[in-house]
Amino acid sequence: MENKKKILILCGGKFAFRTIQLLAYEKFLYAIGIGKGNDIIVDALEKETEENKMPFKSFPNKKSMSEMKDWIFSIQPDYVFSISFPFLIPEDILAYGNHKFINFHPAPLPQYRGVMPIFEVLKNQESQTAICAHFMNAEFDEGDIIFNDPINIEEGDTYGKLTVKLSHRLSNVVLNVANMIQFGSKIPSIPQDEEKAYFYEKPQYSDTYIKWKRMSANEINALVNACNPWNIGADTTLMGEQLKIIKSNVLPMSHDNSVPGKILKINEESIIVACADNQQLEIEIICSDEGILKIKDWKTKEKLIGIIFN
């Protein structure tokens, strides 16, 4: 290990893979633990660690977390880095070492605590997000902040696009922290401002459903992007059929106060829908009972003029 500090990565899946590869290349990576990973990912990581003679442990559920304390105390890492690890680390494990556990959260803290902040920043139409490095305590996302590394959100970024962008930035942020811990026993940090704190629960159906009567075109479009691809798209209903809108755009024109959700026009490549702010939304790709379809391939579209989404 060339006298480098030994880092255990606790992760939740492929979001951490680029970081794992970089830390391994830089000879910081000492061990890997994964929580809730699917069999393919777990097998791939286990094979990689076996070939490189690294400790590896899978934690498939909360019950298995009872094995973490003995494992960490036995392998003796210098630091534990958490990247989208799905389970709360209890106090008896954190007692392994003061300021030895560092989490990398894919959104600014304390404003975006919670399990799916990428969805929330897109839904809320933020222009910027961050990777936040912070020390861990016995509560989710509440430890002292080392720094927030800002990342711009571009027009048209979906949940998938922003996740990839964050994954790339994450690897550099984690490497920076890995280098920081080589040159001192204490990393500067500040407490989180609780007056700015908000914890978002995991999104439910009501969070992904389009409220046509009160949502603006920009709000609907933001929700569509925030739901693509993890929820396939934003949920809605048309003539009793549940649909998901996967791709949409806001058009720079009004609709003369038509009923929100009303289909105003049908083009070859899209349908145009009225929104509550008197703006128009262009829908290009949906998911219906027929599958994922471009509007031009939606066989029933010609019958929809004047029909209202609800």
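**Close-up views of a predicted model**

**View 1. The hairpin of β13 and β14.** Strands β13 and β14 form a hairpin with four residues between them, and N278 in the turn has a positive phi of about 70°. The structure shown is a predicted model. Strand β13 covers residues 271-274 and runs antiparallel to β14, joined by four bridges. Within this pairing, A274 stands opposite Q280 of β14.

View 2. Strand β14 spans residues 279-288; seven of its ten residues are buried, so the strand is largely enclosed by the rest of the structure. Strand β11 (residues 241-254) is antiparallel to β14, with eight bridges between them. I245 is placed opposite I286 in β14. Strand β15 (residues 291-294) also runs antiparallel to β14, through four bridges. I285 has K294 in β15 as its bridge partner. Two residues link β14 to β15 in a hairpin.

View 3. N103 lies in strand β5, residues 101-105. N103 counts as buried because its relative accessibility is 10%, below the cut-off of 20%. Its side chain makes a polar contact of 3.2 Å with the side chain of S82. Apart from neighbours within four places in sequence, the residues in contact with N103 are S82, I83, C132, A133, H134, M136 and D141.

View 4. L88, F140 and F199 make a nonpolar surface patch of about 240 Å². F140 sits in the loop between β7 (128-135) and β8 (145-152). With a relative accessibility of 34%, F140 counts as partly exposed.

Notes: Residues are numbered from 1 along each chain as its sequence is written. This is a predicted model: local features need pLDDT of at least 70, side-chain atom pairs count only at pLDDT 80 or more; totals for chains, interfaces and linings use all residues. Side-chain values use heavy atoms; hydrogens and water are left out. Patches are made of residues with over 30% relative accessible area and no salt bridge: like charges are joined within 9 Å, nonpolar side chains (Val, Leu, Ile, Met, Phe, Trp, Tyr) within 5 Å. Accessible areas come from the Shrake-Rupley method with a 1.4 Å probe; for residues, only the protein chains shown count as cover. A salt bridge is a side-chain nitrogen of Lys or Arg within 4 Å of a carboxyl oxygen of Asp or Glu. Buried means under 20% relative accessible area, exposed over 50%, partly exposed in between (1.4 Å probe, protein chains only). A polar contact is a pair of N or O atoms within 3.5 Å; within protein, one must be able to donate a hydrogen and the other to accept it, and residues adjacent in sequence count only if both atoms are side-chain atoms. Contact means heavy atoms within 4.5 Å. Two strands pair if DSSP finds at least two bridges between them.
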